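This report describes one protein chain for a reader who is new to structural work. Please keep the sequence and the model in view while reading.

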Amino acid sequence: MKTHYIILLIVCFVSACSSSKKTQSETASEDWKTYAQTLAKDTFLLPEIPDTMTESNERALFLCMHYWDRFDFTNEKLIDRPDITEQAFVDYINVLSYVPENDAKTSLGITIEKASANKAMLHHFASLFEKYYYGPHSPFRNEDMYLEVLRQLVKSPVPEKEKKSIYEFQLEMIQKNRVGSKANNFDYTVASGKTSDLYSLQSDYLILIFINPGCNTCKAAINSILTNTNIQSAMKRNNANRTFLSIMTMYPGDSYSEWTEYLNELPAEWINAYDKNGTIFKKRLYDIQATPVIYLLDKSKKVILKDASVEELSRFFSLDR
C-alpha cells in the first residue's frame with residue numbers, strides 16, 4: 001500500500017499542475033485511484049527518485065524512465081503473480097498518461113528492452129500491452145501507444161517467428177484509417193438492394209458504426225446516440241439543400257438473414273447497410289475487433305474520430321460548426 005501511495009502522490013501532483021490536460025485514460029485514472037493493491041516489496045520496488053528533483057513533472061518523468069529498474073525480468077515466476085506484475089504494469093501505464101507523449105513512448109521502448117532479457121517475460125509484457133492498450137473495451141485503450149509498442153516488438157530479435165507475425169499483422173491493421181487520414185472506401189448495400197459506396201455519400205459529417213446483430217453493446221450505443229442532445233441537434237440541421245450529419249450502421253458479417261431480422265431494431269432514418277460481398281473482412285479494410293466500432297468522418301471522408309465513444313461524438317457536436 002505504501003508503494004501505491006507514492007505513485008498516487010506523484011500522479012496527483014502532476015495532475016494538479018496540468019489540470020487542463022485530458023487523456024484517453026482520464027476516466028480510468030479516476031478509477032485507478034481507488035484500486036486496492038498489494039505490491040510485495042521483495043519483488044517490486046519503485047526507483048529511488050533523487051532528492052534534488054523537486055518539481056513534480058521532473059519526478060514523474062524520472063519515475064517513467066526508471067520504473068522497472070528494480071524489477072527482475074529474469075524471474076519467470078512473477079508472470080504468475082498478477083497481484084505483483086500486472087498491478088505494477090497498470091500503475092505504470094497510468095503514470096505514463098501524465099507525461100508528454102514523446103517521453104511516454106521513450107519509456108515504452110525502455111520497458112520493451114528490459115523485458116527482452118527473458119523471452120517469456122517479453123511475451124507476457126506484450127500480452128499486457130495488448131490487453132490494456134489494444135483491448136476493445138479497455139479503459140486504457142490507446143492506439144498511439146500500442147502502435148509504438150508494436151513497432152518495438154516487430155524490430156526486436158527476441159520474439160519467435162509466430163509471435164512476430166502476430167505483431168506484424170496488428171501493426172498493419174492498427175495503421176489503417178488513422179485519425180487525419182482518409183477512411184478506406186467500401187461498397188454497401190441497403191435493404192432495397194441498392195448498392196453504393198462510402199465516398200459517394202454526400203454529407204458534411206458521417207457517423208459510421210460497424211455493428212453486429214445481437215450485440216448488446218451496439219444496442220446501448222445506438223440508444224445513447226438517439227437520446228444524445230448534441231447529436232440529435234446536429235441531425236436537425238439537415239434540410240433539403242444540405243445534409244449536415246448522416247449516420248450509417250454497417251454490418252460487415254456474412255449472415256444476411258440475421259441482418260434483415262435486426263433491421264427492425266435500427267432507426268429507419270439512418271442508412272442501415274451490409275457488406276454484400278464481404279469485402280471489408282476479405283481486404284482487411286477496417287480493424288474490427290469487437291462491435292460497435294464507431295468512426296466520425298468529414299465531408300471528404302477523412303477520419304476525425306476513430307473507435308469513438310458516444311461521449312466523444314457528443315463533445316464534437318457540442319461545438320459550433
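In which sense do strand β1 and strand β5 pair, and over how many bridges?

## The sheet

Strand β1 (residues 187-190) and strand β5 (residues 271-274) pair in the antiparallel sense, over two bridges. Two strands count as paired if DSSP finds at least two bridges between them. Val 190 lies opposite Ala 273 of β5. Strands of a sheet pair through backbone hydrogen bonds, either parallel or antiparallel.

Both strands belong to an open sheet of seven strands with mixed pairing, in the order β2-β1-β5-β4-β3-β6-β7. Its edge strands, β2 (195-197) and β7 (303-305), each pair on one side only. From one strand to the next, the twist averages 35°.

## The model and the whole chain

The model is predicted: local features need pLDDT of at least 70 and side-chain atom pairs count only at pLDDT 80 or more, while totals for chains, interfaces and linings use all residues. Residues are numbered from 1 along each chain as its sequence is written, and side-chain values use heavy atoms, with hydrogens and water left out.

The protein chain has 13 helices and seven strands. These are DSSP runs numbered from the N terminus, helices being H or I of at least four residues and strands E of at least two. Of the 321 residues, 50% count as buried, that is, under 20% relative accessible area with a 1.4 Å probe, protein chains only.

## Helix α4

Helix α4 (residues 85-96) has 12 residues and should span 16 Å at 1.5 Å a residue; the end C-alpha atoms are 16 Å apart, which agrees. The expected span is 1.5 Å times one less than the number of residues. In α4, 12 of 12 residues are buried, among them Phe 89, Tyr 92 and Leu 96.

## Helix α5 and its partners

The buried residues of α5 include Ala 104, Leu 108, Ile 112 and Ala 115. The buried residues of this helix pack against α3 (56-66), α4, α6 (119-134) and α7, where contact means heavy atoms within 4.5 Å.

The axes of α5 (residues 101-115) and α7 (residues 143-155) come within 10 Å and cross at roughly 35°. Axes are lines fitted to C-alpha atoms, for helices over the stretch in contact, and angles run from 0 to 180 degrees between N-to-C directions. Glu 101, Ala 104, Lys 105, Leu 108, Gly 109 and Ile 112 in α5 meet Asp 144, Met 145, Glu 148, Val 149, Gln 152 and Leu 153 in α7.
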